[in-house]
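Subject: Handing over the structure

Hello,

Here is the structure I promised to pass on to you. Please open it first, and then read on for what turned up.

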Amino acid sequence: MKKLLLGLVAGSLLATQLLAADAGLLRTDHPDEYVVQRGDTLWDISGRFLNEPWKWPEIWQANPQIANPHLIYPGDRLTLVYIDGQPRIVLNRASGGVVKLSPEIRSSARDDAIPAIPLEDINAFLTRSRIVGSGELEAAPYVIAGANGHVVTGAGDQLHARGSFPAGERNFGVFRSGQIFVDPATGEILGKEAIEIGGGRLIAQEDGLGTLSVERSNEEIRIEDRLLPVVEQKITATFYPSAPEGAVDGVILAIEGGVSNVGRLDVVALNRGAREGLKEGNVLAIKKAGEVVRDPVTKDLVRLPAAPAGVLMVFRVFEKMSYGLVLNAQQPIKVMDTVTNP
C-alpha cells in the first residue's frame with residue numbers, strides 16, 4: 001500500500017510538472033487543431049498555440065524517415081497531441097495518414113505553401129538590398145554614361161559602365177552608396193549600405209567597358225552608380241522561429257526608410273551577424289533603452305533598466321550585421337534600442 005501511495009504521489013507530481021510546463025509553453029486558449037488558411041504564416045500559427053512563438057521547434061517534430069521537409073499548405077490540419085506526456089504538433093493531410101513535421105518549413109516553387117513570415121515585406125531585402133565590406137562598392141564597375149550619352153537612365157534603356165567585370169557574370173544590380181554602419185560600442189566599421197537602384201543584363205563587353213540593358217529601375221540611374229553581380233538569395237530560404245544558440249547582445253543601428261520609430265513588419269538593421277552566431281530565423285527580444293535620469297542624492301547621471309518593447313526575426317545575415325523583421329511591437333521602437341535573447 002505504501003508503495004502504491006508513493007507511486008500515486010510521484011505520478012501526481014509528474015503530471016503537475018507536465019501541466020505546469022505546458023501551461024508556460026502553450027496558450028491557455030490554444031486550439032486542439034487548426035486548419036491552415038491561405039495567407040497564414042508559420043509565425044501566426046505558432047502564436048495560436050504558444051505563448052512564445054519562437055519555441056515552435058519544441059513541439060514541432062522531425063521525422064527521420066522523411067528525406068525532405070514537408071511544406072504546409074492551406075487546407076492542412078494541424079493537431080495538438082501528447083507523445084510521452086509532451087505536447088507535439090502533427091499534420092493531417094488529405095492524401096492520408098498522420099505525418100510528423102520537420103522544423104524546416106520551406107516556401108519553395110510551390111507558391112501555395114505558407115511561409116514562416118510575410119515574405120512580401122522582406123522580398124527586396126532577400127533578393128536585392130545588401131551590406132558590403134569596406135572598399136567593395138568602390139572597386140566595382142561604375143556607370144559612365146547612358147545610351148546616346150544621356151546622364152540618367154531608366155528601365156528599357158542601355159547604359160555604359162567601366163571597370164573589371166567578373167568572368168561569366170551577366171546579371172548585375174545597380175547600386176548607390178548608402179550609410180556606413182559603425183558599432184556604437186567599439187567604433188568598428190561593420191559595413192556599408194548598398195542601395196539598389198535598378199538592375200539589368202550585360203550584353204556587351206570590350207576593353208573594360210561594358211554595356212548593360214536596364215531591365216528594372218527604382219529611380220533614375222546616374223553617373224558613378226556601381227554594378228554588383230546579382231546574388232541568388234532566393235525567397236525559398238528556410239525560415240522557422242528559433243532562439244539563438246548563443247548569447248546575443250546588440251542594438252538596432254538603422255530603420256528602413258529612415259523613419260524615427262519602428263512598428264510591426266518594419267525592417268531594421270542590427271550590429272550583430274554571422275560571426276556572433278546569428279542565423280536566419282533567429283528570434284530576438286527588443287528592449288527600449290532606459291531613460292537617463294539624475295540621481296537626486298549623488299547628482300550622478302543614471303540610465304534606467306531597459307524595458308521590453310517587441311520581438312523581431314532575423315531574415316538575412318551578413319558577416320558583421322543582419323536584417324530583422326519586427327513581428328511584434330508593444331511600444332514605439334527606435335535606433336539604439338537593444339536586442340537580446342528572447
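A word on terms before the tour: a residue is called buried when its relative accessible area is under 20%, exposed when it is over 50%, and partly exposed in between. Valine 182, with a relative accessible area of 39%, is therefore partly exposed. Please keep in mind that this is a predicted model.

**The chain as a whole**

The protein chain contains three helices and 19 strands. Of its 342 residues, 41% are buried. Among the contacts with a separation of 6 or more, 68% are between residues 24 or more positions apart. The chain exposes about 17800 Å², and carbon and sulfur atoms supply 51% of that area.

**A patch on the surface**

Back to valine 182, which has its place in strand 8, residues 171-182. Together with Ile180 and Ile189, Val182 forms a nonpolar patch on the surface. The accessible area of these three residues together is about 260 Å².

**Salt bridges**

Side chains of opposite charge can pair when their charged atoms come close. How many salt bridges does a search of the whole structure find? The count is 13, and three of them are described here.

Start with arginine 77 and glutamate 33, whose side chains meet in a salt bridge at 2.8 Å, N to O. Arginine 77 belongs to strand 2 (residues 77-83) and glutamate 33 to strand 1 (residues 33-35), so this pair ties together parts that are 44 residues apart in sequence. Arginine 77 has 34% relative accessibility and so counts as partly exposed. Glutamate 33 is partly exposed too, with a relative accessible area of 39%.

Next comes the salt bridge between arginine 275 and glutamate 188, where the closest N and O atoms are 2.6 Å apart. Here both partners sit in loops: arginine 275 in the one between strand 13 (267-270) and strand 14 (283-288), and glutamate 188 in the one between strand 8 and strand 9 (189-206), so the pair ties together parts that are 87 residues apart in sequence. Arginine 275 is partly exposed at a relative accessible area of 41%, and glutamate 188 is partly exposed at 26%.

For the pair of lysine 288 and aspartate 337, the salt bridge spans 3.3 Å, N to O. Lysine 288 is part of strand 14, while aspartate 337 lies in the loop between strand 18 (322-329) and strand 19 (338-340), so parts that are 49 residues apart in sequence are tied together. Are these two partners buried or exposed? Lysine 288 counts as buried at 17% relative accessibility, and aspartate 337 counts as buried at 4%.

There is also a network to look for: salt bridges that share partners join Glu188, Arg275, Glu276 and Lys320.

**Aromatic rings**

A pair of aromatic rings is described by the distance of the centres and the angle of the planes. The search of the whole structure finds three aromatic pairs. One of them, phenylalanine 315 with tyrosine 323, is stacked, at 6.1 Å centre to centre and 15° between the planes. Another, phenylalanine 318 with tyrosine 323, is edge-to-face, with 5.7 Å centre to centre and 85° between the planes. Phenylalanine 315 and tyrosine 323 are both buried, and phenylalanine 318 is buried as well. Ring pairs link Phe315, Phe318 and Tyr323 into a cluster.

**Aspartate 225**

The last stop is aspartate 225, in the loop between strand 10 (209-217) and strand 11 (226-229). This residue is buried, with a relative accessible area of 3%. Its side chain reaches the backbone nitrogen of arginine 222 at 2.8 Å. Which residues are in contact with aspartate 225, leaving aside its neighbours within four places in sequence? They are Pro141, Tyr142, Val143, Val174, Phe175, Arg176, Ile197 and Glu220.

Enjoy looking around, and do write back with any questions.

Best wishes

How values were computed:
Residues are numbered from 1 along each chain as its sequence is written. This is a predicted model: local features need pLDDT of at least 70, side-chain atom pairs count only at pLDDT 80 or more; totals for chains, interfaces and linings use all residues. Side-chain values use heavy atoms; hydrogens and water are left out. Patches are made of residues with over 30% relative accessible area and no salt bridge: like charges are joined within 9 Å, nonpolar side chains (Val, Leu, Ile, Met, Phe, Trp, Tyr) within 5 Å. Accessible areas come from the Shrake-Rupley method with a 1.4 Å probe; for residues, only the protein chains shown count as cover. A salt bridge is a side-chain nitrogen of Lys or Arg within 4 Å of a carboxyl oxygen of Asp or Glu. Helices (H or I, at least four residues) and strands (E, at least two) are DSSP runs, numbered from the N terminus. Buried means under 20% relative accessible area, exposed over 50%, partly exposed in between (1.4 Å probe, protein chains only). Contact means heavy atoms within 4.5 Å. Rings of Phe, Tyr and Trp (its six-membered ring) pair if their centres lie within 6.5 Å; planes under 30 degrees apart count as stacked, over 60 as edge-to-face and the rest as tilted. A polar contact is a pair of N or O atoms within 3.5 Å; within protein, one must be able to donate a hydrogen and the other to accept it, and residues adjacent in sequence count only if both atoms are side-chain atoms.
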